Protein chains: 2
Amino acid sequence: MAEKKKLVSEITSMDVDFAQWYTDIVKKAEMIDYSSVKGCVIMRPYAQALWENIQKTLDGMFKETGHENVAMPLFIPENLLQKEKDHVEGFAPEVAWVTHGGSEKLEERLCVRPTSETLFCEHYAKIVRSWRDLPKLYNQWCSVVRWEKTTRPFLRSREFWWQEGHTVHATEQEAREETMRMLNVYATFCEEYLAMPVLKGLKTDKERFAGAVETYTIEAMMHDGKALQSGTSHYFGDGFARAFDMQFADKNNTLQYMHQTSWGASTRLIGAIIMTHGDNEGLVLPPRIAPVQLVVIPVAAHKPGVTEKAQELLAAVKAAGIRAKIDLSDNSPGWKFAEYEMKGVPLRLEVGPRDIEQGQCVLVRRDTREKTVVSFAELATAVPALLEDIQRAMFERARRNREEHTYTAHSLDEMKQIAAAHTGFVKSMWCGELACEERVKEEAGMSSRCMPLEQENLGDVCPICGKPAKKMIVWGVAY
Amino acid sequence: MAEKKKLVSEITSMDVDFAQWYTDIVKKAEMIDYSSVKGCVIMRPYAQALWENIQKTLDGMFKETGHENVAMPLFIPENLLQKEKDHVEGFAPEVAWVTHGGSEKLEERLCVRPTSETLFCEHYAKIVRSWRDLPKLYNQWCSVVRWEKTTRPFLRSREFWWQEGHTVHATEQEAREETMRMLNVYATFCEEYLAMPVLKGLKTDKERFAGAVETYTIEAMMHDGKALQSGTSHYFGDGFARAFDMQFADKNNTLQYMHQTSWGASTRLIGAIIMTHGDNEGLVLPPRIAPVQLVVIPVAAHKPGVTEKAQELLAAVKAAGIRAKIDLSDNSPGWKFAEYEMKGVPLRLEVGPRDIEQGQCVLVRRDTREKTVVSFAELATAVPALLEDIQRAMFERARRNREEHTYTAHSLDEMKQIAAAHTGFVKSMWCGELACEERVKEEAGMSSRCMPLEQENLGDVCPICGKPAKKMIVWGVAY
């Protein structure tokens with residue numbers, strides 16, 4: 001118990017300092033380490049295993065919807081980045097520039113990709129000739145670099161890992177459908193695998209991706225009530241197509257510009273998992289995405305037969321398709337309990353001499369700490385059922401947290417009062433004007449998160465300026 | 001037939017110009033495209049799918065041998081790269097330098113990683129405290145950058161994709177065992193999955209990796225008799241450990257330096273597959289690694305029932321665990337035959353109205369063009385058996401090619417004569433001196449490939465200088 005305390009006491013309580021709690025978890029659960037490259041992190045094995053599970057699942061969903069993976073170069077020549085005006089304005093201030101190769105100065109600077117629209121555009125302009133070549137539905141998994149001033153592990157770093165989908169279509173309608181299809185893929189993934197409810201909506205012009213006609217987003221709410229943009233899907237129209245001369249011959253042999261989308265999700269999702277589900281003992285991982293779903297911990301392992309039985313149970317659980325491991329190190333059981341709580345392993349299986357006599361073991365849930373005694377015979381069915389139960393309960397708790405921190409405002413004063421007392425989502429009507437959006441930011445300290453696809457009518461006028469309202473919008477404080 | 005000719009005629013015959021044949025295949029099979037980033041390529045979906053199959057298989061082998069994946073930063077600060085003297089001398093001349101972030105000049109230049117030893121060293125120095133923390137067996141999948149002057153797709157490009165394993169151990173013996181274990185993993189993978197026999201051996205001091213004590217290699221022989229280094233495994237001793245102050249407390253609580261290895265294989269393997277198995281019709285892919293193992297092509301697809309039966313057969317083959325697809329486009333069967341031959345799909349299934357009447361279809365092997373008539377009932381067992389047969393036959397042909405192009409020399413004159421008449425592996429004894437190695441390069445135009453682990457005694461003296469021989473060595477012309 002003293003040992004347990006020691007390990008756990010190194011995490012700051014989330015009620016005392018949420019930001020410090022987050023940083024502590026990220027370090028103590030051995031997810032990241034800092035390197036001497038400022039603003040860049042090392043993904044340690046546990047975070048990388050979690051990311052690989054995210055990748056595997058999302059990649060499967062992309063392939064099911066007809067997408068293929070490619071790999072584009074890491075670099076973008078300066079003149080290529082500059083071809084689309086809005087895009088370069090958005091990204092140029094935060095890119096890293098390669099100026100020398102070996103000892104020679106390059107004739108043209110290369111930026112390290114902050115995102116790869118320009119490379120995909122150049123490629124599509126070359127390989128698409130006719131309507132028969134469309135659509136092209138490509139994706140790549142890679143890291144990108146944005147020279148941010150302030151960084152936080154997973155949430156904002158100079159290098160981060162992501163996937164970026166880039167598609168071209170023969171018609172606007174197909175491209176718009178693709179934009180929504182991928183938004184829905186992200187939402188489904190977050191809700192079903194990460195147990196994280198998300199709000200789907202359209203970004204305002206101010207928050208739109210550089211070069212896009214429309215940017216859709218999924219917004220999640222963290223424990224502290226702040227919003228985390230967790231994935232975006234952009235409809236580009238033919239803006240890039242005109243800048244990059246991306247034309248194809250349609251069925252009447254007439255040249256047309258392609259219609260384009262892009263969409264991305266990143267290692268930010270790991271930050272989202274931590275801040276949606278974590279508690280003061282550490283990580284709490286959703287079973288469907290956890291690298292280890294169950295850990296077997298023998299109690300009084302030195303007693304005859306205990307280790308053997310523990311290994312037998314491990315084998316039974318693995319045979320039921322569960323990602324499980326056993327800890328046979330010479331640390332005390334208490335130390336191990338704390339360690340796997342810190343790492344958020346959804347289920348712990350304890351088995352000792354007395355359990356063995358009675359033909360049973362104890363399963364402890366990470367999320368509620370609830371204990372269930374299970375007979376050896378029932379183990380292979382009880383574990384998958386419990387894991388599904390945990391998954392459901394975690395989603396439900398996150399949904400309830402979001403509900404409890406969602407407010408409605410009918411005036412700017414009300415917005416300011418809510419923002420002063422709480423952090424959460426604040427719904428209101430909006431006229432659609434930038435001036436009102438900026439006023440909410442200045443006076444209530446909240447940015448627009450999105451105009452939800454599921455609209456509600458909260459009134460007829462914009463509560464900021466009093467002009468006719470166009471949309472319901474959600475405001476919040478964002479990571 | 002005219003269509004088929006048209007497609008195929010665009011590949012140069014390998015007997016006329018092997019290099020042009022290679023370039024043609026790489027383009028016509030839609031494996032790569034060039035971008036405006038000089039010396040960097042785009043991995044198109046077909047090459048990327050092949051690489052993902054390679055990754056999945058190798059990654060499984062790494063995990064079975066206890067390795068974990070991590071992700072290190074893309075950048076290395078200049079002072080970190082310089083810590084190990086031999087290493088920086090080897091790599092500094094060919095790295096790309098980032099000098100600016102956004103509009104600001106960096107205080108210290110960052111190189112884009114050419115390989116990540118230095119980053120792993122810094123990390124291990126931080127996270128390993130005692131013998132209990134060892135070994136650390138890490139790997140990462142990423143791309144690296146080397147500013148090469150002349151480039152060729154897959155074989156040498158400024159950016160390439162690879163994996164790099166980096167491990168630290170408590171003892172020299174464990175590190176040496178790891179070095180050999182991973183060399184054997186590579187050899188097993190190449191032989192069993194890529195159907196490519198490899199020669200395992202030790203590199204000479206001249207050819208050693210910058211900073212290593214010993215570099216082991218697997219060398220494959222291409223169609224044209226040239227050698228392709230296909231994977232390397234390095235034993236570092238404690239050289240990096242001393243440079244990076246990587247110490248741990250042993251069981252007696254005495255500080256010791258760690259013993260280290262690294263090992264890597266890259267998208268070069270795709271080049272190796274092309275040049276080991278390809279022919280004048282295009283790619284020939286080993287079934288175990290092919291993205292598509294079988295393609296169904298309906299003949300006279302407009303006739304009633306043909307498309308339906310073709311799809312039924314596709315489903316049957318897929319249900320047998322085969323990666324299969326169907327081509328229902330309106331191209332002619334002849335065009336389709338040529339297209340999938342170009343792409344090296346191991347088996348083609350043809351089915352037309354007459355076949356359906358007789359309850360059978362035709363399977364055509366890509367490697368030998370042999371046709372087999374198979375009844376519908378036998379299909380699900382015939383296909384996996386045929387694929388295994390193709391895999392074996394491809395390995396056997398590659399082995400025979402290597403045997404036919406392996407020579408033995410007992411004098412420098414003999415070496416020169418062989419090299420003038422043939423391209424292949426030339427075995428000889430060697431005294432171990434750099435002077436003799438350089439003389440073979442100058443006078444016979446061959447570099448040392450490796451000192452094979454399986455040694456033969458071809459004589460007692462070095463055929464170049466006449467001094468006592470130490471080892472048998474293999475010479476060749478390398479990619």
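## Ground rules

This is a predicted model: local features need pLDDT of at least 70, side-chain atom pairs count only at pLDDT 80 or more, and totals for chains, interfaces and linings use all residues. Residues are numbered from 1 along each chain as its sequence is written, chains are lettered from A and ligands numbered from 1 in the order in which they are written, and side-chain values use heavy atoms, with hydrogens and water left out.

## Two copies, one axis

Two copies of a chain are related by a rotation about an axis and a shift along it.

The same surface serves both copies: 100% of the contact residues of chain A recur in chain B. Contact means heavy atoms within 4.5 Å.

## Chain A as a whole

Chain A has 15 helices and 23 strands. Both are DSSP runs, numbered from the N terminus: helices are H or I with at least four residues, strands are E with at least two. The radius of gyration of chain A is 25 Å, close to the 23 Å that the globule rule gives for 479 residues, so chain A is as compact as a globular protein of that length. This radius is taken over C-alpha atoms, and the globule rule is 2.2 Å times the number of residues to the power 0.38. Along the principal axes, the C-alpha atoms of chain A fill a box of roughly 80 × 55 × 50 Å.

Of the 479 residues in chain A, 58% are buried. Buried means under 20% relative accessible area, exposed over 50%, and partly exposed in between (1.4 Å probe, protein chains only). Chain A exposes about 19,200 Å², and carbon and sulfur atoms supply 48% of that area. Accessible areas come from the Shrake-Rupley method with a 1.4 Å probe; for residues, only the protein chains shown count as cover. Take the contacts in chain A between residues at least 6 apart in sequence: 68% of them join residues at least 24 apart.

Helix α11 of chain A covers residues 333-342. Its buried residues are Lys336(A), Phe337(A), Ala338(A), Tyr340(A), Glu341(A) and Met342(A).

Leu285(A) lies in the loop between α9 (268-277) and β15 (294-298) of chain A. Is Leu285(A) buried or exposed? At 1% relative accessibility, Leu285(A) counts as buried. Leu285(A) and Gln260(A) are 25 residues apart in sequence, and their C-alpha atoms are 36 Å apart in space.

## A serine that touches both chains

Ser35(A) sits in the loop between β1 (32-34) and β2 (41-43) of chain A. Its relative accessible area is 14%, so Ser35(A) is buried. Not counting residues up to four places away in sequence, Ser35(A) touches Cys40(A) and Ile42(A), and also Pro73(B) and Glu122(B). Ser35(A) and Thr171(A) are 136 residues apart in sequence and 46 Å apart from C-alpha to C-alpha.

## Backbone details

The peptide bond from Leu134(A) to Pro135(A) is cis, with omega near -5 degrees. Pro135(A) lies in the loop between α6 (117-127) and β7 (136-145) of chain A. In chain B, the peptide bond from Leu134(B) to Pro135(B) is cis, with omega near -5 degrees.

Phe154(A) is not a glycine, yet its phi is positive, about 70 degrees. Phe154(A) lies in the loop between β7 and β8 (159-169) of chain A, and at 4% relative accessibility it counts as buried. Ala300(B) is not a glycine and has a positive phi of about 55 degrees. Ala300(B) is partly exposed, with a relative accessible area of 21%.
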